[in-house]
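The following note sets out several points for a colleague who is new to this model. Please read the points beside the sequence and the coordinates.

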Amino acid sequence: MATGADDRESVPGHLRHQLDGPPTAVLVPIAPDGSPSSTPVWFLAAVADGDVLWVSTRTGAAKHRNVERDPRVSLSVVDPANPMSYVEIRGRASAEPDPDFSVRDSVVRKHGYVDGSSFDPPDVRRTAI
């Protein structure tokens, strides 16, 4: 998930730890009726990829379908040590297949798991947002 237009400021350094740490974020794509649809998600901030945030979801899940239909999203991360400090990123997301589960496994490793296979039933397909 990209941070948005080129004229937007990147996440300030003093807030960067909120993206690098393990907090859960809230992803808010737009539902079919135009309302916000918030979902708690784990994510991975990939600075080397040009300030990209990755979220892994099962292919066909509501958040996947919502992003495919309308790419506008918001993602918020609250600092668990200071609940009044948060990062909100608004932008346009895209959905890409994750056939080798590399995004899923990178996201779950950030949260202390070896890989994400225990989170999925057999024959699941994954999408990286």
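1. A network of salt bridges links Arg58, Arg104, Asp105, Asp120 and Arg126. A salt bridge is counted where a side-chain nitrogen of Lys or Arg lies within 4 Å of a carboxyl oxygen of Asp or Glu. The structure holds 6 salt bridges. As background, side chains of opposite charge can pair when their charged atoms come close.

2. The model is a predicted one, in which local features need pLDDT of at least 70 and side-chain atom pairs count only at pLDDT 80 or more, while totals for chains, interfaces and linings use all residues. Residues are numbered from 1 along each chain as its sequence is written, and side-chain values use heavy atoms, with hydrogens and water left out.

3. Helices (H or I, at least four residues) and strands (E, at least two) are DSSP runs, numbered from the N terminus.

4. Which residue does the side chain of aspartate 105 meet in a salt bridge? The partner is arginine 104, at 2.9 Å, N to O.

5. A residue is called buried under 20% relative accessible area, exposed over 50%, and partly exposed in between (1.4 Å probe, protein chains only). Aspartate 120 is buried at 12%, as are aspartate 105 at 14%, arginine 126 at 11% and arginine 104 at 7%. Arginine 58, at 37%, counts as partly exposed.

6. Turning to the overall fold, the protein has 3 helices and 9 strands. Along the sequence these follow the pattern α-β-β-β-β-β-α-β-β-β-α-β. Of the 129 residues, 42% are buried. The protein exposes about 7,300 Å², of which carbon and sulfur atoms supply 54%; accessible areas come from the Shrake-Rupley method with a 1.4 Å probe, and for residues only the protein chains shown count as cover.

7. Helix α2 (residues 62–69) has the highest mean pLDDT among the elements of the protein, 98. In α2, Lys63, His64, Asn66 and Val67 are buried. These residues lie on the same side of α2, because they cover an arc of only 165° around the axis; the arc is that of the directions from the helix axis to the C-beta atoms. The cover over the buried residues of α2 includes β1 (25–29), β2 (39–41), β5, β6 (72–79) and β9.

8. Histidine 17 is placed in helix α1 (residues 16–20). At 43% relative accessible area, histidine 17 is partly exposed. Histidine 17 and aspartate 79 are 62 residues apart in sequence, and their C-alpha atoms are 8.6 Å apart in space.

9. Two residues deserve a check of their backbone angles. As a general rule, most residues other than glycine have a negative phi. Phenylalanine 101, which is not a glycine, has a positive phi of about 65°. Phenylalanine 101 lies in the loop between β8 (96–97) and α3 and, at 22% relative accessibility, counts as partly exposed. Aspartate 123 likewise has a positive phi of about 65° without being a glycine. Aspartate 123 is in the loop between α3 and β9 and is exposed, with a relative accessible area of 80%.

10. On confidence, pLDDT is the predictor's confidence in each residue, from 0 to 100. The protein averages a pLDDT of 87, and 88% of the residues score at least 70. Among the elements, α1 has the lowest mean pLDDT, 81. Over residues 1–8 the pLDDT is below 50, and this stretch has 20 contacts in the model beyond near neighbours in sequence.

Methods: Contact means heavy atoms within 4.5 Å.
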